[in-house]
Amino acid sequence: MNELQQMDELFDRLFPLFRSITGEGVRQTLDILGEYLPLTVEAVPSGTEVFDWTIPKEWVIREAWIKDSQGREIINITDSNLHVLNYSEPIDRIVSLSELKEHLFTIPHLPDAVPYVISYYKERWGFCMTHNQLTALEEDQYHVYIDSEKIDGVLNYAEAILPGKSDKEILITSYICHPSMANNELSGPIVAAFLYNRLKSWEQREFTYRFVFHPETIGSITYLAKHGQHLRDHLHSGMVLTCLGGKDMPLSYKMARNDKAPLNELVQFLVQHEKREITIRPFSPLNGSDERQYCSPGFNLPMGQFSRMIYGQYAGYHNSLDTKEAMTIEALLQSVDELEEMLLLQELNGYYHNLKPFGEPKLSNYDLYPDINSPLNRRGSTNTLMDNRQHLNQVLMTLNYSDGEHTLVNIAAKMHYPLRDYQVSIDKLKEVGLLDGPFRNQEGVTRR
């Protein structure tokens with residue numbers, strides 16, 4: 001199978017699983033993802049304190065349905081995992097229609113959608129249905145049944161690490177807690193899994209790549225409680241992946257809270273100087289995903305977020321309209337392609353060190369300068385890297401600004417060439433001993 005077919009197959013295996021922030025659905029999800037990348041699964045017991053939070057009891061759900069007085073079934077979680085309030089208390093009672101309505105959740109403006117509703121930290125029972133189903137209910141006595149319990153269990157998360165030449169790390173993370181939603185749940189983990197295998201195939205990696213899968217919010221807080229200091233010491237940049245489906249929609253980047261985050265610089269360059277079709281959103285703690293935890297002021301990690309069909313901005317957000325057909329597997333493959341390029345450019349970016357900074361090196365000694373100066377050498381298109389003038393311009397600009405004060409993005413912004421074109425010029429300069437790098441901070445250059 002090609003990548004598109006493999007992604008489609010993975011989606012179909014993951015979609016039916018009943019996920020929450022804890023429980024068997026999370027473990028099953030990690031088991032399946034573990035077939036695509038080598039995950040190490042961790043378990044944190046219920047009751048464990050993680051900063052201001054406590055790992056909750058594990059939720060076990062076995063059965064949930066509503067029947068009328070004639071025994072006719074109204075809804076059942078076998079039809080949709082969304083039909084039960086996530087983390088619902090158990091119930092086995094006969095109730096009136098008026099009492100039942102107090103425990104029903106619908107979306108009136110989307111009458112055919114079943115909403116996704118959670119109550120992780122307050123005890124209540126409830127069901128979710130379409131608004132059309134609600135309005136069709138007649139005065140009657142209804143049997144409500146939820147077979148669930150909360151037990152002392154664990155919260156699970158998992159990670160996989162791809163080593164690179166440097167101990168500086170790139171963190172790529174997504175969440176695994178939403179049931180029966182495509183864009184808002186499975187797009188992130190699927191893209192991350194296939195991105196891992198793209199990066200694994202690279203001949204060499206400058207960075208070490210850390211892939212992490214956990215439940216949203218409580219999972220990232222738990223991960224930070226254990227690994228936060230390591231990330232503070234080693235993290236170069238990172239990305240939260242969520243809502244990456246959406247056919248014909250551009251990639252969207254939510255800035256890291258830390259203005260100096262390398263991805264902030266890179267994405268802004270691509271939009272401003274290369275005119276890439278990437279939407280940039282400012283950082284905000286008011287909505288979003290786990291970047292709110294990674295960018296909390298105590299950590300302020302350089303973590304941005306990539307999306308495409310953005311949460312809260314499409315009809316299927318947090319309801320049963322969030323389907324594979326609305327998301328498209330093709331959009332996930334496009335996201336993998338674009339994020340891989342983003343990471344390749346991030347590998348290229350950094351501070352470089354001119355090894356012969358006193359005057360211009362005699363470039364003809366290194367086969368980097370024409371051995372005759374004529375009008376023909378000074379003309380020509382600058383649209384392709386094969387043009388000698390572009391290559392020479394990149395060489396001269398890179399050498400002059402490889403001083404520990406300018407990243408490659410800073411240098412490239414002074415010219416009108418795509419950032420990826422600098423790879424050939426940099427490789428040649430390093431090959432002939434005129435350039436060293438990239439370094440990930442200014443000290444790596446200035447201390448030499």
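Where does His406 lie?

1. His406 is located in strand S18 (residues 403-407); helices (H or I, at least four residues) and strands (E, at least two) are DSSP runs numbered from the N terminus. The model is predicted, with local features requiring pLDDT of at least 70 and side-chain atom pairs counting only at pLDDT 80 or more, whereas totals for chains, interfaces and linings use all residues. Residues are numbered from 1 along each chain as its sequence is written, and side-chain values use heavy atoms, with hydrogens and water left out.

2. His406 is buried, at a relative accessible area of 19%; buried means under 20% relative accessible area, exposed over 50%, and partly exposed in between (1.4 Å probe, protein chains only). Its side chain makes a polar contact of 3.0 Å with the side chain of Asp403. A polar contact is a pair of N or O atoms within 3.5 Å; within protein, one must be able to donate a hydrogen and the other to accept it, and residues adjacent in sequence count only if both atoms are side-chain atoms. Leaving aside residues up to four places away in sequence, His406 touches Gly350, Tyr351, Tyr401, Ile411 and Lys414, where contact means heavy atoms within 4.5 Å.

3. Gly350, one of the residues that His406 touches, follows helix H10 and has a positive phi near 145°. Helix H10 (residues 329-348) has 20 residues and spans 29 Å from its first C-alpha to its last, close to the 28 Å expected at 1.5 Å a residue; the expected span is 1.5 Å times one less than the number of residues. H10 is mostly covered, with 14 of its 20 residues buried.

4. The structure holds 16 aromatic pairs. Rings of Phe, Tyr and Trp (its six-membered ring) pair if their centres lie within 6.5 Å; planes under 30 degrees apart count as stacked, over 60 as edge-to-face and the rest as tilted. Tyr157 and Tyr223 form an edge-to-face pair, at 5.3 Å centre to centre and 85° between the planes. Tyr157 belongs to strand S10 (residues 154-162) and Tyr223 to helix H6 (residues 218-234), so this pair ties together parts that are 66 residues apart in sequence. Tyr157 is buried at 1% relative accessible area, and Tyr223 is buried at 0%.

5. Tyr196 and Phe211 also form an edge-to-face pair, with 5.3 Å between centres and 75° between the planes. Because Tyr196 lies in helix H5 (residues 182-200) and Phe211 in strand S12 (residues 208-214), the pair ties together parts that are 15 residues apart in sequence. Tyr196 is buried at 4% relative accessibility, and Phe211 is buried at 0%.

6. One aromatic cluster is formed by Phe18, Trp53, Trp59, Tyr87, Tyr120 and Tyr121. Ser119 lies in the loop between strand S7 (104-105) and strand S8 (127-128) and is buried at 4% relative accessibility. The side chains of Ser119 and Arg124 are joined by a polar contact of 2.9 Å.

7. Strands S4 (residues 58-67) and S5 (residues 73-76) pair in the antiparallel sense over three bridges; two strands pair if DSSP finds at least two bridges between them. Their hairpin has five residues between the strands, and Gly71 there takes a positive phi near 85°. Trp65 stands opposite Asn76 in S5. Lys67 lies over the face of Trp65, at 4.3 Å from the ring centre; a charge sits over a ring if NZ of Lys or CZ of Arg is within 6 Å of the ring centre and within 35 degrees of the ring normal.
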